[in-house]
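The sequence and the structure come before the entries.

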Amino acid sequence: MEMQSGDLVAAALAHWPALARQMGEDPAAWTAAPLSLRNDARSVLVLQGPGGRRLVLKHQLRPGADPGFPGAVTAHLAVMEAWPEGVPALHAVEPGAQALVMDYLAAIPLSQLLDEAPVAGQEALLRRAGRWLGGFHSALPGERRVFQPKFTLRYLKGIMSEVASGARQVVAPERFLRCAGALCATQATYEGRETLTAQTHGDLHLRNLVMDDAQCWGIDFAAGRVVPVGHDIARLLVDYAILHAQKDAIPEGEVLPVGAASAFFEGYQRVASGDPSVGLLLRNRVLAEWWGLPVTGRSIAQERRLAGLLPLVGRVFPGI
C-alpha cells in the first residue's frame, strides 16, 4: 500500500466535520472504523453515531484519479429521487475532495454471495438481481427503439484492426480475430429489431449489487447513458458467466446456462432474453473482457478472469 492505513483514515476523517455539518450532525458524536482501504488511495469508513446509527464515509485521496466522481454522484442522486428503495441514501458530498457520506448497508456483494451458493442458489440470486435491474430501468425509463448493431460492430472492427496490426496486444490474437469476425458476420441477425433503452448504471458488475435477506441495492453508479438495456445486462451477466457459471452447462453458441438466463429474465421482465441488444451485447462483452486483459503481468484477479473466460469463449464461439 502506498500509504499507511492510518494516513488514509486520517485523510478521510479530515472531511468528516464539513460533511457532518451538511447533515446537521455533531461530528464529535460519531466514531469511525476502516471498512476498506485500497492501494489506489480510496478509503471507506464506517461511522457509528447516536442511537447506533451507522453511515459510510467514502474518500479518494487523489481526486484527479477519479474524474467520473461528479457524474457518479449526479447519477446516484437521480436514482435516489426516482427509486429511493433501490439505492443507499446519500446524505452529504464534498465534490472537490471527492468525499461523501451515505447510509451503511448490512448487505453482502452479489459476487460474494455467488461464490458461496450452489447452482440453485445462484439462480435465485440472479432472479433477485434481475428484479433490481428491472426496477432501476423502470425508474429512469427510456423508449422503444430499433436496435442498430452497426455501432457496436463498428467499434469492434476498430479493435480488430488494432489487434491485426499489433497495436493492441491480446491473449491468443488469431483466435480473438476469428471469434470477433464470427460475431461481425451475425449483424443481420440483430438488424431492424426493436429494443428498449434506459438510463444505465454504467459499471454494473457483480460487486456493485449488494443484498441482504430481503432487499437488493445498487451502488457505485458510473453515470451511464440512455442506451439499449443490453449494455447493463451484458456487463452483469458476462461477469457472472466468467466467474461463476458452470461452463459445461452452457449450450453451444450461448453465453449462459439455460437456468441462469431463465432466472435472471424472470426477475427482470423489461425485455426477454431474445432482445437483440441482449443477444449482441452479451457476445460482444465476452470479446471486450478478452481484449481488456493484459497479455503479461496479470494480477491474481485477472488470472482468475482469464481462466474463466477462455472456456466461456469455447461455448460462445464453438469450433473457433
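Entry on Trp291. I began with the accessibility of Trp291 and found this residue buried, at a relative accessible area of 12%. I use buried for under 20% relative accessible area, exposed for over 50% and partly exposed for values in between, with a 1.4 Å probe and protein chains only.

Entry on the source. I note that the model is predicted: local features need pLDDT of at least 70, side-chain atom pairs count only at pLDDT 80 or more, and totals for chains, interfaces and linings use all residues. Residues are numbered from 1 along each chain as its sequence is written, and side-chain values use heavy atoms, with hydrogens and water left out.

Entry on aromatic pairs. How many aromatic pairs does the structure hold? I find 11. Rings of Phe, Tyr and Trp (its six-membered ring) pair if their centres lie within 6.5 Å; planes under 30 degrees apart count as stacked, over 60 as edge-to-face and the rest as tilted. One of the pairs is Trp132 with Phe221, tilted at 45° between the planes and 6.5 Å centre to centre. Trp132 belongs to helix α5 (residues 119-139) and Phe221 to the loop between β10 (216-218) and β11 (226-228), so this pair ties together parts 89 residues apart in sequence. Helices (H or I, at least four residues) and strands (E, at least two) are DSSP runs, numbered from the N terminus. I record Trp132 as buried at 3% relative accessible area, and Phe221 as buried at 5%.

I then looked up Tyr155 and Trp291: their ring centres are 6.1 Å apart and their planes stand at 50°, so this pair is tilted. Tyr155 in helix α6 (residues 150-165) and Trp291 in helix α11 (residues 276-292) are 136 residues apart, and the pair links distant parts of the chain. Is Tyr155 buried or exposed? Tyr155 counts as exposed at 55% relative accessibility, whereas Trp291 is buried. I also note one aromatic cluster formed by Trp83, Trp132, Phe136 and Phe221.

Entry on the open sheet. Three strands make an open sheet in the order β6-β9-β10, with antiparallel pairing. Two strands pair if DSSP finds at least two bridges between them. Which strands lie at the edges? They are β6 (108-109) and β10, each of which pairs on one side only. I count α5 as packing on the sheet, where this helix touches β9 and β10 and its direction makes about 115° with that of β9. Contact means heavy atoms within 4.5 Å; axes are lines fitted to C-alpha atoms, for helices over the stretch in contact, and angles run from 0 to 180 degrees between N-to-C directions. Between β6 and β9 (residues 209-211) I find two bridges in the antiparallel sense, and Ile108 stands opposite Met211 in β9.

Entry on the hairpin. Strands β4 (residues 90-94) and β5 (residues 99-103) pair in the antiparallel sense over four bridges. Leu90 faces Met102 in β5. The hairpin of β4 and β5 has four residues between the strands.

Entry on positive phi. Gln98, in the loop between β4 and β5, has a positive phi of about 50° although it is not a glycine. I record Gln98 as buried at 6% relative accessible area. Gln269 lies in the loop between α10 (258-268) and α11, and its phi is near 70°, a positive value in a residue other than glycine. Gln269 is exposed, at 64% relative accessible area.
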